[in-house]
Amino acid sequence: MFWGLVIESVNKYSRTVEDGFVVTMAALGPSSEAGDRVHVYLTVNGSENLLCTLESGKTDQQQLEISASVGEEISFFTRSATKPTAPKVYLSGFLTRNSLDPLKAAAQKVLDGKEDDGSAVVEAESDEDEDEDEDEEEESDDEVEEESKGKRTPAPADDGPAKKRAKQEKPAEKAPAPKAAAKAPAPKAAEKPKEAPAKAKPATPVGRKQNGVDVIDFKEGTGAAAKKGDKVTLKYKGFLKTKKGDKVFDQGNFDFVLGKDGVIEGWHRGIQGMKLKGQRRLVIPPKLGYGRQGAPPDIPPNATLHFDLLLKNIKPGKAPYRGGR
């Protein structure tokens with residue numbers, strides 16, 4: 001589902017996110033003039049971030065990959081670098097609940113699971129049932145106690161052996177164990193696992209900057225984080241964002257030593273910190289990818305590259321790597 005926002009210079013657009021969304025494009029409006037340069041900012045939970053800089057006639061629009069999570073406090077605003085007021089800036093993107101991205105689908109299931117699943121009603125009913133069960137237990141205990149007293153009243157008046165027989169018969173009176181029987185309906189408490197989705201509440205992926213690369217973690221992984229000098233094995237898919245959708249230009253498996261030559265600079269910077277079985281998306285600007293020349297015929301000049309990665313293996317380096325990046 002499409003998402004959009006128009007930012008005017010004098011306004012700051014603040015809100016609490018109710019439906020997660022992804023911003024994919026920022027563009028100058030028709031009111032911009034030659035030479036206008038505008039900075040676009042996003043504040044998330046009090047932390048201010050520069051999304052991009054737009055310049056009329058040079059960079060009229062900029063592709064983005066910025067996600068907003070449900071419950072976050074965010075603000076969008078602009079500042080002009082050339083004059084007191086900035087021209088209008090148009091942001092566009094999509095709501096994540098309708099995203100068909102397979103890596104985002106796992107995170108979206110958690111969001112969809114939060115929609116009025118009736119867990120609050122079940123919990124309330126469980127509490128009422130437990131109260132009723134406790135009342136029934138007390139009534140049963142009272143009845144059993146009265147019944148037990150009634151059985152003990154006609155005790156024989158003989159001495160010695162008769163008293164011993166009475167003591168031996170006492171356990172038989174307690175045999176029904178009414179308390180255990182009264183608690184039999186307790187399986188109601190077993191319905192509480194319906195609340196399990198609330199516990200499995202991973203943070204919805206949010207974009208962040210890492211050494212000039214936009215990074216989105218979909219799965220953290222386990223073990224030690226990858227660092228310079230480690231040999232890593234990755235499953236990857238590279239694609240471009242186009243008007244017709246995602247265009248895949250390469251995919252497969254690849255291994256290399258992190259921090260050494262052999263891959264584009266954006267990989268060296270963006271893969272650091274990944275853990276075994278971790279899943280991550282990199283959004284790499286042209287200067288850290290294939291630059292002005294591109295990689296014809298699949299990658300045009302000044303292309304922003306998108307990679308979805310799965311870290312399959314990490315082989316630690318023998319010693320901290322000091323060269324490279």
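**Pocket, sheets and rings**

Modeller: Happy to. The largest pocket has a lining of 23 residues, and those nearest its centre are T24, M25, Q63, K241 and T242. Keep in mind that this is a predicted model.

Colleague: How much space lies in the largest pocket?

Modeller: About 660 Å³.

Colleague: And which strands supply at least two residues of the lining each?

Modeller: β3 (21-28), β6, β8, β11 (231-242) and β12 each do. β6 gives the most, with four residues.

Colleague: Let's turn to β6, then. What is the order of the strands in its sheet?

Modeller: The order is β1-β8-β3-β6, an open sheet of four strands with antiparallel pairing. β1 (2-7) and β6 (61-68) are the edge strands; each has a single partner strand, so one side of each is left without a neighbour in the sheet. On average, neighbouring strands here are turned by 20 degrees against each other, direction ignored.

Colleague: How many bridges are there between β1 and β8?

Modeller: Six, with β1 and β8 (residues 89-95) pairing in the antiparallel sense. As a landmark, V6 stands opposite Y90 in β8.

Colleague: What about the sheet with β2 in it, what order does that have?

Modeller: That one is β2-β7-β4-β5, an open sheet of four strands, again with antiparallel pairing. Its edges are β2 (13-16) and β5 (47-55), and since each has a single partner strand, one side of each is left without a neighbour in the sheet. The twist from one strand to the next averages 15 degrees.

Colleague: How many bridges join β2 to β7?

Modeller: Four, and β2 and β7 (residues 73-80) run antiparallel. One to look at is T16, whose bridge partner in β7 is E73.

Colleague: Changing topic: where does R79 lie relative to Y41?

Modeller: R79 lies over the face of the Y41 ring, at 4.7 Å from the ring centre.

Colleague: Nice. Now ring against ring: how many aromatic pairs does the count come to?

Modeller: Nine. One of them is F249 with F307, an edge-to-face pair at 5.7 Å centre to centre and with 90 degrees between the planes. This pair links distant parts of the chain, as F249 is in strand β12 (residues 245-257) and F307 is in strand β14 (residues 305-315), 58 residues apart.

Colleague: Are F249 and F307 buried or exposed?

Modeller: Both are buried.

Colleague: Why does the pair of F254 and W267 count as edge-to-face?

Modeller: The planes of F254 and W267 are at 70 degrees, with the ring centres 6.4 Å apart, so the pair is edge-to-face; the cut-off is an angle over 60 degrees. In the chain, F254 sits in strand β12 and W267 in helix α6 (residues 265-271), 13 residues apart.

Colleague: What about the accessibility of those two, starting with F254?

Modeller: F254 has a relative accessible area of 32%, so it is partly exposed. W267, at 5% relative accessibility, counts as buried.

Colleague: Which residues do the ring pairs link into a cluster?

Modeller: The cluster holds Y236, F249, F254, F256, W267 and F307.

Colleague: You mentioned helix α6. What can you tell me about I271?

Modeller: I271 is also found in helix α6. Its relative accessibility is 0%, so I271 counts as buried. I271 and V215 are 56 residues apart in sequence, yet their C-alpha atoms are 9.0 Å apart in space.

Colleague: And the β10 strand, how many of its residues are buried?

Modeller: Five of the seven residues in β10 (residues 213-219) are buried, so to speak mostly covered.

Colleague: What does β10 pair with?

Modeller: One partner is β9 (residues 208-210), joined to β10 by three bridges and running antiparallel to it. There, R208 stands opposite V215 in β10. β9 and β10 form a hairpin with two residues between them, and N211 in the turn has a positive phi of about 55 degrees. Another partner is β13 (residues 279-284), which runs antiparallel to β10 and is joined to it by five bridges.

Colleague: Which residue is the bridge partner of I216 in β13?

Modeller: R281.

Terms used. Residues numbered from 1 in each chain as written. Predicted model: local features only at pLDDT ≥ 70, side-chain atom pairs only at ≥ 80, totals over all residues. Heavy atoms only, no water. Pairing = 2+ DSSP bridges. Axes fitted to C-alpha atoms, helices over the stretch in contact; angles between N-to-C directions. Phe/Tyr/Trp six-rings, centres within 6.5 Å; stacked < 30°, edge-to-face > 60°. Buried < 20%, exposed > 50% of the residue type's maximum accessible area, 1.4 Å probe, protein only. Lys NZ or Arg CZ within 6 Å of the ring centre and 35° of its normal. 1 Å grid on protein atoms, 1.4 Å probe; cavity = no way out; pocket = protein on both sides within 12 Å on 5 of 7 lines; lining within 4 Å. Points joined across faces, edges and corners; volume = space filled by probe spheres on them.
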